[in-house]
Amino acid sequence: MPANETVEELNLDDYQYDFVTKDEPVYKAEKGLSEDVVRQISYHKEEPEWMLDYRLNALEIFNSKPMPDWGADLSDLNLDEIYFYLRPADRMERSWDDVDDEIKETFERLGIPEAERETLAGVGAQYESEMVYHSLKEQWEEQGVVFESIEDGLQMYPDLFKEHFSTVIPPNDNKFAALNSAVWSGGSFVYIPKGVDVDIPLQAYFRVNAEQMGQFERTLIIAEEGSKAHYIEGCTAPVYSTESFHSGVIEIVVKENAHFQYTTIQNWANNMFNLVTQRAKVHSNAKMEWLDGNLGSKATMKYPSCFLVGEGAHGSVLSVAYAGDGQHQDTGGKVIHAAPNTTSQITSKSISKGTGRSSYRGLCQVYEGAENSKSNVECDALLLSETSRTDTYPYIDIDENQATIGHEATVSKVGEEQLFYLMSRGLDEEEAMAMIVRGFIEPIAKKLPLEYAIELNRLIELEMEGSVG
Amino acid sequence: MADGTTTAELDAPGDLVSVADRLDGWLEELDEPETLVEGRREAWERYRELPMPQTASEEWRYTDVEDLRPEDFGFVEPEAARSVEIEDLPATVQEVLAGEQDRSGVAVQVDAGEVYRRLDPELEEQGVVFAPIVEVARERPELLEDRLFSSEVTDAEEKFWTLHRAIFSGGYLLYVPENVRVPEPVHAFRYLEREDAIVGSHTLVVAERGAEVTCVEEFLSPDLEETSLSVGGVEVFAGENATVRYISLQRYGRGVEHYSVQHATTGKDSHLSGFNVALGSDRHRADVTSHVEGPGSESEMLALWFGDGDQHIDHHTLQYHKAPHAYSDLLYKGALTDRGRSVFRGVIRVAQEAQLTDAYQTNRNLLLSEDSHANALPNLEIEADDVRCSHGATVGQVDESQLFYLKSRGLTPLQAERLLVFGFFEEVLGRVPVEGVRSRVRSAIERKLGF
Amino acid sequence: MSEFTTVATVDDLSEGELMGVEVDGREIVLANRGGTVYALEDCCSHEEFPLSDGEITGDQLTCALHGARFDLETGEAKALPAVMPVDTFECRVEGDEIQVKVGD
């Protein structure tokens, strides 16, 4: 595939991110998971003692928890064949010019430095196990915004880090949160000071280049009172014959009156297992929005959640999933109402094509005392082939009678009538289909910054090619 | 409040021996056709191999039976049928019987023995059978073949299903031959008065091609001091173009735990309607499956519950579409007050060959008190692409604006709330074609609302 | 009127350890942190699970099931997935006896 490929030429059925950069890592841990690997990771990061203890404890928890017996089929995920730590460069750079040439080439092909200049407040780039680049525009730095690699966050802000780290997602939460807690590497540390409004997005870019690689990014975000920011992550990897593995943990604390949006556009190659835990703790009158786009991977299990712990807090999850041949997107959202007058909305749109399967899995929980809570869940699934499959598994658990909870889901095929109408207006069948699908995901696309919305539409449209018949 | 408050002592109950201690020996000496005895033996062995359902499993997550030991409950041996006069029946049963004249058939069972049965002689002449399963197994075993205990139960249902198969007593076959229409409901009463006992009634309804029948099964008991278990099973077969309505009206007193596994199967172009009402007992758990196997068939699934005190009401449903062009519609509505708790878990499953399926599922919950608690888990599993499926679940309180409106028309807050609860249930009740059932459900709700 | 009840002796509970006891039908977890004994409700407010199976982490008690943490002193939830506090009880050491007072 040529390096100068433009966005117009991208086609997921012919996965555009399928190129491999030849590089030599500076350190590669042995295959598989062991206490030694965990110690190596901690050693290379020159961590404080408490973090090593935390990792070792998490490893024990990971070993003691069974694999989930629900959700995606993980039987092809062989952890003994995975490299858990691969250090690509000796240090992180703050200028693109200093980034190792091979790695730089990768990100240039993905259009990252360009995007930074034009539309982003800050950029982080992770290659294999480490962040290789992190920068923040001066105007935000001056206002006290922190946007660092998670490792630098730990070294530079030890107290703030320790105060919040693992309070949103403890290692015992689930098997893969425990795994991440043991072997985490890379990810961002973000701090938005009181009242600061970062009005253009911060972005982190995650790239897995090596074969049989496991990437375990860990992100901790603290949005202080009255602040506002938007963080975007994007993910790609080349296609190998063996499975790779990505298991992130993202913890967000949204304080009083703050507003935080976290967007994921996940476009991993379709041999990637993607098992991610994302959770926000939302305080009084604060607002948390998850926007979760899952287009790639072999199997994804991911349910962004909002714990609404302060009065008047609001949480929303907007999820769009595309499951093509052989893919299983097991996604959804969770909202936990633990304070009065809290509100939440989950909107999920999934499209299944070929042998793809998309599952919505969600939880809406209302604790006693969370009076006047309101939650609304809407799931729509679109099936494009006879062999595709969709499931909806919402859990509703209500312990408060002064609450209003609704869940609605529909499953449908693209309507013949709708198609016929559009075709009678001069569109061919493929165009008509793409238009219907575009209309279907529109509520998600319009929440994205324009250039991402365009890319999402484009991806979906290309996926539709050849889907007619 | 219990529906049955009097105890008609037909016999002074003697001491019971537990199921575990009694069953092996009893099976040896049982005077039943060998196929039934063998079936009981197999089921009992399987039951003993299986662990109690665990709350770690999806299906039993909110209903904890881990410490329940059904085999330690007193075994009430099925008795030979006895004939008693109407005036010797329990008062609650008499009351219901007196209130309704139009029945094509009636049977009354007390604990594990039948005491009364009647079927319209005209229907009998037309070949309708309404008789104990044991009797049918002796005289016309072909009517049971491939039907009795043929349901494919899930792993989650198997423990109670095998128990039911091993101990079932006084079960009925209701058989309607081709093109025969049973004009009025056939009504079976299950009256439980033994304490510390376990009983299990089986109902098998078979409607051949073009037949039509309505079967009502009503569960009654006084309030019991010591817990008794009712472990029931229901199998319904609607033949081609047949119409079958099955209604289960659970009005046990307190001190009873009711577990029920129900499987219904639709034939081509048949119409099936199931209605489950849970008003009584301490704990009610029903697993209700509709196997939509006939192309062009329709399955309606309705339920209504009202939990008060510490009642725990759990419904698990499956709308399993295996044939094209079929339709199913589920509407389950429940209200809770005091410390009442309810669980609804419903699955619509559409197999790949079931194209052009229309399947709907709605669960609505009304919480009337601070300490009530509802769980709703509506699930969709869709493998066909040309389908229309939707589900919805809500949990909430009575609508403020409606309450306000009614109060502005001069109603007290309590009156207004009662009216709205009635309105809530009317959507389900209005779809039940048996007047007697509707009125009994209404008065039970009135009592619960404290009229 | 509630009074202090002896539930254990100091020898039963060494430093850094937890133990479950029952007072008036209430399950209580005792935690010895640096010689100070705390008494909390022995049931995680997230999903009912005995906190006595967990461990002391600094000034907090961590539940073994999902990692929820509670302040030893106040019972306040300090880490998700718990959001609700657990009850705390007055606790004292008299001689070598650990005593707990359960309110009415």
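## Chain B

Let's start with chain B, which has 9 helices and 21 strands. Keep in mind as you look around that this is a predicted model. How does chain B compare with a compact globule? For 451 residues, such a globule would have a radius of gyration near 22 Å, and chain B comes out at 21 Å, so the two agree.

## Chain A

Next up is chain A, where the count is 11 helices and 24 strands. Its radius of gyration is 21 Å, close to the 23 Å that the globule rule gives for 469 residues, so chain A is as compact as a globular protein of that length. The box for the C-alpha atoms of chain A, again along the principal axes, is roughly 65 × 60 × 45 Å.

## Two helices that cross in chain A

Here is a detail to find in the 3D view. Packed helices are described by two things: the angle between their axes and the distance between those axes. In chain A, take helix H9 (residues 416–424) and helix H10 (residues 429–445): their axes come within 9 Å and cross at roughly 120 degrees.

Which residues make the contact? On the H9(A) side you'll find A:Gln418, A:Leu419, A:Leu422 and A:Met423, while H10(A) brings A:Glu429, A:Ala432, A:Met433, A:Met435 and A:Ile436. Sorted by class, the contact between these helices has 7 nonpolar, 1 polar and 1 charged residues.

## Where A meets B

Now for how the chains touch. There are 2 pairs of chains in contact, and chains A and B share the most contacts. Chain A puts 29 residues into its contact with chain B, and chain B puts in 30 residues. On the chain A side, the elements that give two or more residues are strand E23 (389–398) and strand E24 (403–413). E24(A) has the largest share of that side, with 11 residues. What kinds of residues does chain A use there? By class, its side has 11 nonpolar, 11 polar and 7 charged residues.

There is also strand pairing from one chain to the other. E23(A) pairs with strand E20 (residues 373–382) of chain B in the antiparallel sense, over 6 bridges. To spot this pairing, look for A:Thr390, whose bridge partner in E20(B) is B:Ile382.

## Where C fits in

Chain C touches chain A through 10 of its own residues, which are in contact with 15 residues of chain A. The chain C side of this contact divides into 7 nonpolar, 2 polar and 1 charged. Chains B and C, on the other hand, have no contact joining them, and their closest C-alpha atoms lie 12 Å apart.

## Inside chain C

Chain C has 0 helices and 10 strands. A compact globule of 104 residues would have a radius of gyration near 13 Å, and chain C has 13 Å, so that agrees. Its C-alpha atoms fill a box of roughly 35 × 30 × 20 Å along the principal axes.

One open sheet in chain C has 6 strands in the order E1-E10-E9-E4-E3-E2, with antiparallel pairing. At its edges are strand E1 (4–9) and strand E2 (18–23), each of which pairs on one side only. From one strand to the next, the twist averages 30 degrees. Within this sheet, strand E4 (residues 36–41) is joined to strand E9 (residues 88–94) by 2 bridges, and C:Ala39 stands opposite C:Phe89 of E9(C).

Another open sheet of chain C has 4 antiparallel strands in the order E5-E6-E7-E8. Strand E5 (55–57) and strand E8 (77–79) each have a single partner strand, so one side of each is left without a neighbour in the sheet. Neighbouring strands here are turned by 35 degrees against each other on average, ignoring direction. Strand E6 (residues 60–62) and strand E7 (residues 69–71) pair over 3 bridges, and C:Gln60 has C:Asp71 in E7(C) as its bridge partner.

How values were computed
Residues numbered from 1 in each chain as written. Chains lettered and ligands numbered in written order. Predicted model: local features only at pLDDT ≥ 70, side-chain atom pairs only at ≥ 80, totals over all residues. Pairing = 2+ DSSP bridges. Axes fitted to C-alpha atoms, helices over the stretch in contact; angles between N-to-C directions. Contact = placed C-beta atoms within 7 Å. Nonpolar A, V, L, I, M, F, W, Y, C, P; charged D, E, K, R; others polar. Rg over C-alpha atoms; globule rule 2.2 N^0.38 Å.
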